[in-house]
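Please look over the sequence and the structure below. A short report follows, written for someone new to them.

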Amino acid sequence: MKNISFLWLFMTMCTIVYGQKFGGAQLSYGFATTTFGFEKNLKEKHFGTVISVEGRLASKFYYLSLGFTYHKLRVSPEIIDKNLKPFENKEDIHVIKVPVSIGYMPFNRNWGRFRIYAGVGVNIVTNVDENSIPVALSQFENSTMFYHFGAGFDIKFISIDYVFENSFSNFVNNVEKSKSQTQMLKLGVFF
């Protein structure tokens, strides 16, 4: 796993460094909603925040993007007890996302661009905080593959992105139909 992490870090850094001529790098912060279930046939919506860094290698209309996203996923307390106070308790799942995207820019000017993109990636659950509900790291798959698509605007150095991702396999161990679906809205800077 360390070799794969090092390879992704190396590829992202190369993309950021060499992408400056035709592309660049983007640092973003945003909010996410994720749907998956701990029980068979039961889906719950969970909220969280994301921090992303990505590099782009670009031509005039097309680009390749590599990046890392840290997703702090807050487990909804309603799955166990509606009286829990989610901001006073630690019910966070920590996930690292490693997306690879191919994008098209139908509008590309010096002052701004519109981007549409799609790709694949991997979710790696790294930690589950101690919590007041029975959620543990062992309940989650170590890693799951996902596909994603999205759209974004770059206006000067400000970027806005909407991303939808859907996992290929179950997110929770031994629970059928627990594939995760995540929607993210991110605001960032492009340099």
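Where is Asn110 found?

## A loop residue to start from

Asn110 sits in the loop between β4 and β5. The model is a predicted one. Asn110 counts as exposed, because its relative accessibility is 81% and the cut-off for exposed is over 50%.

Asn110 and Lys156 are 46 residues apart along the chain. In space, their C-alpha atoms are 7.6 Å apart.

## The chain as a whole

The protein chain has 1 helix and 8 strands. Read from the N terminus, the order is α-β-β-β-β-β-β-β-β.

Of the 191 residues in the protein chain, 46% are buried. The chain exposes about 10,700 Å². Carbon and sulfur atoms supply 64% of that area. Contacts reach along the sequence too. Among contacts with a separation of 6 or more, 62% join residues 24 or more positions apart.

## Two lysines with positive phi

Which loop holds Lys156? Lys156 lies between β6, residues 143-155, and β7, residues 158-170. Its phi is positive, at about 55°, although Lys156 is not a glycine. Lys156 is exposed, because its relative accessible area is 57% and exposed means over 50%.

Lys177 also has a positive phi, of about 60°, and is not a glycine. Lys177 is placed in the loop between β7 and β8, the latter spanning residues 179-190. With a relative accessible area of 54%, Lys177 is exposed.

Is Ser167 buried or exposed? Ser167 is buried, because its relative accessible area is 3% and buried means under 20%. Ser167 belongs to strand β7.

What does Ser167 touch, leaving aside its neighbours within four places in sequence? Its contacts are Thr144, Met145, Phe146, Lys179 and Ser180. Ser167 and Ser178 are 11 residues apart along the chain. The C-alpha atoms of Ser167 and Ser178 are separated by 9.3 Å.

## The largest cavity

How many cavities of 30 Å³ or more does the structure hold? There are 2. The largest has about 200 Å³ of space. Its lining consists of 21 residues. Glu54, Pro99, Ser101, His148 and Lys186 lie nearest the centre of this cavity.

β2 (42-58), β3 (62-74), β4 (92-108), β5 (112-128), β6, β7 and β8 each supply at least two residues. Which strand gives the most to the lining of the largest cavity? β3 does, with 6 residues. By type, the lining of the largest cavity splits into 9 nonpolar, 6 polar and 6 charged residues.

## The second largest cavity

The second largest cavity has a volume of about 40 Å³. Its lining is formed by Thr34, His71, Leu73, Val95, Lys97, Asn123, Phe171, Ser180 and Thr182. β3, β4 and β8 each contribute at least two residues to the lining of this second cavity.

How do the residues of this lining divide? The lining of the second largest cavity has 3 nonpolar, 5 polar and 1 charged. Ser180 is one of the lining residues, and Ser180 is also in contact with Ser167.

## Aromatic rings

How many aromatic pairs does the structure hold? It holds 10. One of the pairs joins Tyr29 and Phe31. The ring centres of Tyr29 and Phe31 are 5.8 Å apart, with 75° between the planes. This pair is edge-to-face.

Tyr29 is partly exposed, because its relative accessibility is 42%, which falls between the cut-offs of 20% and 50%. Phe31 is exposed, with a relative accessible area of 55%.

Elsewhere, ring pairs link Phe36, Phe140 and Phe171 into a cluster.

Terms used: Residues are numbered from 1 along each chain as its sequence is written. This is a predicted model: local features need pLDDT of at least 70, side-chain atom pairs count only at pLDDT 80 or more; totals for chains, interfaces and linings use all residues. Side-chain values use heavy atoms; hydrogens and water are left out. Helices (H or I, at least four residues) and strands (E, at least two) are DSSP runs, numbered from the N terminus. Buried means under 20% relative accessible area, exposed over 50%, partly exposed in between (1.4 Å probe, protein chains only). Contact means heavy atoms within 4.5 Å. Accessible areas come from the Shrake-Rupley method with a 1.4 Å probe; for residues, only the protein chains shown count as cover. On a 1 Å grid over the protein atoms alone, a cavity is a set of points where a 1.4 Å probe fits but cannot get out, and a pocket is an open set with protein on both sides within 12 Å along at least five of seven lines; lining residues have an atom within 4 Å of a point. Grid points are joined across faces, edges and corners, and a volume is the space filled by probe spheres set on the points. Ala, Val, Leu, Ile, Met, Phe, Trp, Tyr, Cys and Pro count as nonpolar, Asp, Glu, Lys and Arg as charged, and the others, Gly among them, as polar. Rings of Phe, Tyr and Trp (its six-membered ring) pair if their centres lie within 6.5 Å; planes under 30 degrees apart count as stacked, over 60 as edge-to-face and the rest as tilted.
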